[in-house]
Amino acid sequence: MIPKNNKMLERAKELRREMTPQERKLWYMFLRNYPVKFYKQRIIESFIADFYCCAAKLVIEIDGSQHYDEQGLAYDAERTAIIEGYGLEVLRFSNIEVDTQFAVVCEHIDNVVKRRMSDEQ
């Protein structure tokens, strides 16, 4: 079982209501109707993952520019290591990738979900 900090519930709800344009695009144009259930803004320990698929043990993060400076990269590396410690895989895409290579992003997510689901069999 993956622990979650329930004190973050209000923040997670706020982030669900105020998704970035790229998160909104990925959710409404792909993940919302994906055959395997995804959740938006899911609390994992003391982090809020952009998208989470329990069945595939997969976290998807959509990263804006703040994730690419030294501090952002260090924080994301620490966060990813903690999340992966629960047996989850973390996929990261930049806002630019979602905007300009949407079909590639979706195909990659689909391939990883299928691989992870077949690994569980």
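Two strands count as paired if DSSP finds at least two bridges between them. I take helices (H or I, at least four residues) and strands (E, at least two) as DSSP runs, numbered from the N terminus.

**Ground rules.** I am working with a predicted model, where local features need pLDDT of at least 70, side-chain atom pairs count only at pLDDT 80 or more, and totals for chains, interfaces and linings use all residues. Residues are numbered from 1 along each chain as its sequence is written, and side-chain values use heavy atoms, with hydrogens and water left out.

**The sheet.** I looked up the strand order first. I found an open sheet of four strands, β1-β2-β3-β4, with mixed pairing. On average, neighbouring strands are turned by 45° against each other, direction ignored; the axes here are lines fitted to C-alpha atoms, for helices over the stretch in contact, and angles run from 0 to 180 degrees between N-to-C directions.

**β3 with β4.** Next I checked how β3 (residues 58–63) meets β4: the two run parallel and are joined by six bridges. I60 has L91 of β4 as its bridge partner.

**Cysteines.** How many disulfides does the structure hold? I found zero, taking a disulfide as a pair of cysteine sulfur atoms within 2.5 Å. For C53, the closest cysteine sulfur is that of C54, at 7.4 Å, so it is too far for a bond. I also noted that C53 is buried, with a relative accessible area of 0%, while C54 is partly exposed at 46% (buried is under 20%, exposed over 50%, partly exposed in between, with a 1.4 Å probe and protein chains only).
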